[in-house]
Structure formats: structure tokens, C-alpha cells
Amino acid sequence: MPLELLIAILIVFVLCIFGYICGQLASNKDYSFGKWFLFGFFLFPFALYRAIHLPEPDYFTLKRTEPAKPDPTLESTRLRSENYLGKEIDLSAPLDITGYDLYEREDHSRFVTLWLRTHVGKTVTSLLLSVTEEDENGTVLVPERVVPFSELLLAPASKPADPLTLELSSKHTYRVSFWVKEVFFEDHSSLVNEAPHWVHYSIEHPQMVEESMAMKDFTPYAQCYPTVYDWGWRCICGQANAEEHRTCTWCGLERNTVFTACTPERLAPRITALREEQAARAVRQKEAFDAKTAKEQEEIQKSQHQVAMRRQRFFQMVQRRKKRIIAVVCTLILLFVGISGGYKWYDCSVHSNLADRYLQANQSEQAHDAWVHAGKQQDAGSIEEAFTPLHAVNTDQSHWTLHTPDAVASVPEGAFICDVVDDQVFYRQTSDGMDKTIWQKTIGQDDDRELFTYDEKAVTYVYIDGCFGVLQRNRVGNSTLLLVDLDTQKTVRYNFSSKAVALSKTKNNELLLYFEGATWKENYYLVERNFYGQWMSRRITQNSYQDYEEEIWYDCSVLDE
């Protein structure tokens, strides 16, 4: 497995550990493990700090939302209320109107809500109601009108049903008079009220609660003593009944039972018993309250103790969690430092072995690059004196041979001489074993200038038509030609899709390259300047190749040995 792939897998593994730490911390507080895993994978320091300071979930708060029932009185103002119960009643009507509320909306329209109950013994399904509207002075604003109400379910002797809503015709209505004209029952029968028979009466509630409780043994609706009037009688439930009625039209009690058993004298023993029961109940309630208070205090103390223990355990858990995180982070840092140091040591060892093999094969330049890459500058400097420049293409190699070592002694230490043309010295300095920087220096002058930098394997160096360049080999084996104009400092680069195996300089100061692969003549390329002084590369055709058959070729493949 390549070392680069191994390092990439190790880095992904370490990042997964970081993401797992953040995800586990967040999941312990009921947050999403997946989201915090990705957060920790890409932004570990920030995710770790945020995950540690996430708030603990509140398990003791339960929020419930219930939809509110529609209320017709919303966004309206109640002007007045009138209650008929215990004041007046229509004895001829099968339905009692116990009262109404008057409301006004923001647009000044008014409506009333009616409270009804039936005392006929049948369930009412619909009715016809006569309505008269009056102002504050009692003046009739709207004549009497009949309003129907349907889809009702008013059962006898039941709890008050939801009120009925009635829209008013006038915006000045202050009082409303009602009386029931006709009622329809569940058994499809009906009852017509020809005219109302209004009677006035009152309800006097007992002063003591025990009296009402004693009367509730007869009916749960009991609220007063029975009374006889000239038009009829009033039951203990407060319902007014006509003289001909032998039973109460609301609760159903017989008149003889009501007036015989529901008198203060007959109820006195029951009232006394209720008072004794109430006193005993009060004692028991006090004892139960004291016991409950003591138990609650005990539970409060126990709960406080549990909360204190839970807080202590949580604090200890946080401390342990921090220690574990610190231990994991330190371990990962040490692991990363160890792997980095091991990789550096391994890389130095590999390149040192490569340098030894290059020296044994008399490949001084490759050995120099390997020593530099291994970080052993002293060993690299020891073999630089044995370097021999490559003169694949040179305008005049005789000029180079005439120069003595003293002529180029001012070249920086550790530099490698690439070529010497007339009084110009082209040398290379390698900084880290990969990047090679080409410099130009005039002999006898301190005018070094940087030409270009390349980072691939050099095949040879060329000097042609006032330009200096390098023919290099990339990582996949293809060739690249890089030239720089010494006057304008402009560079030109040619990338070829094949490997250059030979090159030559033509009589017209042009560069001719031959690439491996096909055998026909079209595998030759010519690099030259055009009419405008710009560099260009073109393929040599089979017809024009004969012009270059007598050229002296330099074999590039010897540099790969």
C-alpha cells in the first residue's frame, strides 16, 4: 500500500474518532448523533467546545396544547345580563328561558345568548321563539318576530346545555322579550303555546348548607324549601308548577312528598346527622391534611436529597468526561506526532538508500537530489563537485571547456552548474529536493537573477537562440519543454503526450525533438521562433523530414540509466 494512501486513511480514521466523540457527547444530552458526528468530523475544536456546553434536556416539563373551543362571544363586549330563574316563568310553556346575555361587536352589531331548559319530560329537538326588541326606555324597536331554532337536544332534568345565539336586528336593542310559541320533541310530537302565562315568584335559599344537603337526599337539584302560591306551588328544586300539576315538571318529585318530607321539622334529624358527619369529616380531613403535609415534607426532603445526589453524580460525570476527552485528545496528538516523526524518519531512510544506489550507479545528480530530500545537506554538498553538466544542445561547447573552475567560483555554495555559454553561467539551486530554481550569472559580476522554477525530473538543459530551458520528465513519463527568454524574462511551456528520447539543434538555430512510440516520420517536432519572434511547436511532415536527416542527435534515454 502506498505511504500517501496509508496516511490519508489514518487521517480519516482520526477525524472519525473526533466526530464520534462529539456525537457521543451530544447524544448523551438527547441531541442528534449524526449531525454532531459530521460537525465534529469537519470542525472538531469548535464542535467539541459546543458539545460540552450543550444544555441538559428538561425531562420534568411537559407542555400540552389543547385547541380552544370556538366561542361566539370572542371579540365582543357584554352589555348586560338578565336572569329569569327564580323571578318569573311562563306556566303554559313547555320550555323555560332561564336568562340571556346581551353582547355588542366592534362593528356595533348586537346579539344575545339564550339559556334554556325543558320540563316536559321529553327531549326537545327544535322550537319557535317569539322575540321582541326594546331600547333602554322600554320602547319597542323591532316588532314581534318568530325565530326558529333546530338541531337541538334539550333533555329534561339535565345540566344546562350550550347557549343559543340569536342575532338582533337593531344596533340600539337593550332589552329582549321572549316567549315560546311551539316546541318539537324527539318523538315527532309538538306542543303549541297560544299565549304566555307569566307568574312571578322568588327562591329563598336556606341559610345553612346542611339544610340544602338534607334536601338533596330527595333530588340533586334541591335548593330551597317548598312554597304554595295562589297560582300553584314551588318545588324544592326551585321550579314553579301550576296548581293542577301533581308532580314537579323539572325534577319529577310528587307534591305530597315535597311538602310532607321537606319541612324543617322533618329534616331536623338529618340536619343534625349531617352536622355530626361534617364535624367528623373535618377532624378526619385535618388528620389527613397533617399526615399528607408530613408525607410531603418527607418527600420534599427525599427529593432534595436525590437532586443533590444527582447533581453530584452529574458533576462527577462531567469531570470524568472532561478527563476522557483530554486523554483522547492528548493520545491523538501524540499519535499524530509519532506518525509524523515516523514518516519523516522513514522518508529520510528511503531517500538515503536511494542516494546510495544512485552513487553506486554513478548517477550523481539523482544522488544529490535524494540526499537533499533526505535532509542531509552535508552529504549532498560532498558530491556536488563531482557533478558534470549536461550539454545536450550548446551553441559552442568549446567555450565551456575553456573556463577554469576559478571562473565560476562565485556560484553559491551547493549550486549545480547546468551550462556555461560564453560569459554566462546557468546554475541550479535545490531547496527541498523537489523545486529546482534556475539562475543566470555573468562571470566576474554579481548580477545573479532567477529565471524559472520547475518541480519535475530534468532530462537535459538547452541553450538556443538567446533562450535557456530544461527538458523534463513528468510523473507519468511524458515530456515538458520549458524555455525562458534571457532578454524579456518571458517563459514558454510545451507539454507533449509522449516521452522524448532524442533531440538535436538544427542549422537554423531550431530545436528538433523525437518521441518514442510510432515509427513513422510524423513523430518529430520542431520548436522554433516565428516571424514575429514568438515560440511555436509544429510536427515535422514526412516530406520535410529529409531536410533534417543529417542532424547530429543527442540520445535522451541515457539519462534514465
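A polar contact is a pair of N or O atoms within 3.5 Å. With that in mind, I will present two regions of this structure, which is a predicted model.

I begin with asparagine 241. The side chain of this residue reaches the backbone nitrogen of threonine 249 at 2.9 Å. Is asparagine 241 buried or exposed? Its relative accessibility is 1%, and buried means under 20%, so asparagine 241 counts as buried. Among the residues that asparagine 241 touches are Leu91, Trp231, Trp233, Cys235 and Cys248.

Asparagine 241 belongs to strand S13, residues 240-242. The sheet here is open and has three strands, in the order S11-S12-S13, with antiparallel pairing. S11 and S13 stand at the edges with a single partner strand each, so one side of each has no neighbour in the sheet. Strand S12, residues 232-234, is joined to S13 by three bridges, and arginine 234 stands opposite alanine 240.

I turn now to strand S20, residues 479-485. Seven of its seven residues are buried, so S20 is largely enclosed by the rest of the structure. Ser479, Leu481, Leu483 and Asp485 point one way, while Thr480, Leu482 and Val484 point the other way.

Which strands pair with S20? Strand S21, residues 491-495, runs antiparallel to S20 and is joined to it by five bridges; here threonine 480 is partnered with asparagine 495.

Both pairs form hairpins. Five residues lie between S19 and S20, and glycine 477 in that turn has a positive phi of about 95°. Five residues also lie between S20 and S21, where glutamine 489 in the turn has a positive phi of about 65°.

How values were computed. Residues numbered from 1 in each chain as written. Predicted model: local features only at pLDDT ≥ 70, side-chain atom pairs only at ≥ 80, totals over all residues. Heavy atoms only, no water. Helix = DSSP H or I, 4+ residues; strand = E, 2+ residues; numbered from the N terminus. Buried < 20%, exposed > 50% of the residue type's maximum accessible area, 1.4 Å probe, protein only. Polar contact = N/O pair within 3.5 Å; in protein donor to acceptor, adjacent residues only side chain to side chain. Contact = heavy atoms within 4.5 Å. Pairing = 2+ DSSP bridges. Lists of a residue's contacts leave out its neighbours within four places in sequence.
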